[in-house]
Amino acid sequence: MADTAHYSHHDHAHGDHIQLRYQPALPIPKGKLCIWLFLSTEIMFFSALIGTYIVLRFGAPGVWPSPETMHLLEWVGAMNTFVLICSSVTIVLALEAAKEDNAAAAKSWLFLTLLLGATFLVVKAFEYQSKFSHGLYPSKPHSLLYDRPDAYYVAAVQERIKSEIKTLTGAETAEAEADTEPAANTATASQPTDETLGSNAERIAEMNMLLNDLVLWTARKVGQTSDSEEQRIAIEAMAYQIQPHGPPEKAVVQYLQIEHEEVRDQARNLEADVAINESELAALNKSVEAIRAKYDELVPAGSDDSVKESSEAKALESEKNGILEKINDLETKLLFQNEKLRPLVGRVELLDELEGDDQGINHKFHIALPQVIPNGNTWANTYFLLTGFHALHVFAGLVVFAILLTLRLGIARHGLLENIGLYWHFVDIVWIFLFPLLYLF
């Protein structure tokens, strides 16, 4: 009984000291709760973007563009990854300094985080500029990317070269001026000056060569056959000459080699025929001169009609007319031969100039012509969408850092610094996912 009373009294006494308190919310500060809710939406947002990229990347028909094809440098992406990882370390050091109420050290570490984030954006800006300079940017009509070699691609290359010629000759400027000037001045404004043509003569000749010996030549080759595979290979060969992306397919290499040999042989044979005909033409012209000299001796100036009507004079006149008729036929023949020879010679010269060049016309002539990259537009759209949204998040973080640098980052604000640190770590983690997806696969 005593023991029972003792235990009852002990339990009652112990129960008097127990106090339960109701917690109306999660045991974390409201700011941290808000940032976690915000980050949960961001996680869903980037998960959708990255998931969509993975589906497109591994589910797209045909060949997906390699990082080298799209001018992505692995070491640049790796360097930017290292920069962001370092910024994650510096933001943690800033938070630890704030917890110790060392405001000066916290501000120094935060400023270093700001510099590292800014470095990331600067490197990304240079990467974007490299893409833009090679015509790699999202979607048509502005993009120079075409997914397949077809008639639309040939027309786009032709239009780009014609636009360059207009710019070089001043025709483009003249057209713009003609739209704003009275009709009376249109004819004068549309004429390029000799100074403009002279300073750009070499460049204009190069563009005319590309127009005639590359684009129009390919268009003629495509028009001469109804075989869709031959048409594709002809346009694919042009696309390879403009901007090679890795080793070409065997059919394209064989096509260019065979065409080079055939066109050179055709040009040589035609040049030989032209030389023979020109030699014959020169001989006929000499014969005409000789007949005219004989005629002048037989019928001097001031001779009467009886001399002109003599049988010998008429024979010379008839012989001269016969030769002149042959000369006329020969000149017509030479005209057609030269018109046929001109594109052959131009094509051979272009093929000779491009032989052994693995960088293509865009690099050789410093021009941005449209290029064929299967799934290139899809790649460009997804690349700029993913990296663009990530860059915006980085920029938003830098803005917040800049605002925090105006405050005292002591222990009173370590919670605020912790929240922005969580956001920054999320931004870094997103890039760690993007880097291998975009730069390594």
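Q: Which residues form one aromatic cluster in this predicted model?
A: In this predicted model, the cluster brings together Y128, F132, Y137, W379, Y383 and F384.

Q: How many aromatic pairs does the ring-centre rule give, and what describes such a pair?
A: The count comes to 17 aromatic pairs by the rule that ring centres lie within 6.5 Å. A pair of aromatic rings is described by the distance of the centres and the angle of the planes.

Q: Why is the pair of F45 and F46 called edge-to-face?
A: The ring centres of F45 and F46 are 5.3 Å apart, which is within the 6.5 Å limit for a pair; their planes stand at 80°, and because an angle over 60 degrees counts as edge-to-face, the pair takes that name.

Q: What makes F46 and F426 an aromatic pair, and which parts of the chain does the pair link?
A: The rings of F46 and F426 lie 5.9 Å apart, centre to centre, with 65° between the planes, so the distance falls within 6.5 Å and the angle is over 60 degrees, as an edge-to-face pair requires. The pair links distant parts of the chain, since F46 belongs to helix α2 (residues 30–59) and F426 to helix α16 (residues 414–440), 380 residues apart.

Q: How do you know whether F45, F46 and F426 are buried or partly exposed?
A: Buried means a relative accessible area under 20%, so F46, at 4%, and F426, at 11%, are both buried. F45 has 30%, a value between the 20% and 50% cut-offs, and is therefore partly exposed.

Q: What makes the charged end of R57 count as sitting over the ring of F58?
A: The charged end of R57 is 4.8 Å from the centre of the F58 ring, and the distance limit for a charge over a ring is 6 Å; the rule also asks for a position within 35 degrees of the ring normal.

Q: Which residues form the nonpolar patch on the surface, and which helix gives the most to the patch?
A: The patch consists of I85, V89, L93, W109, F111, L112, L115 and I432, with about 660 Å² of accessible area together. Helices α3 (74–99) and α4 (103–133) each supply at least two of its residues, and α4 gives the most, with four.

Conventions
Residues are numbered from 1 along each chain as its sequence is written. This is a predicted model: local features need pLDDT of at least 70, side-chain atom pairs count only at pLDDT 80 or more; totals for chains, interfaces and linings use all residues. Side-chain values use heavy atoms; hydrogens and water are left out. Patches are made of residues with over 30% relative accessible area and no salt bridge: like charges are joined within 9 Å, nonpolar side chains (Val, Leu, Ile, Met, Phe, Trp, Tyr) within 5 Å. Accessible areas come from the Shrake-Rupley method with a 1.4 Å probe; for residues, only the protein chains shown count as cover. A salt bridge is a side-chain nitrogen of Lys or Arg within 4 Å of a carboxyl oxygen of Asp or Glu. Rings of Phe, Tyr and Trp (its six-membered ring) pair if their centres lie within 6.5 Å; planes under 30 degrees apart count as stacked, over 60 as edge-to-face and the rest as tilted. Buried means under 20% relative accessible area, exposed over 50%, partly exposed in between (1.4 Å probe, protein chains only).
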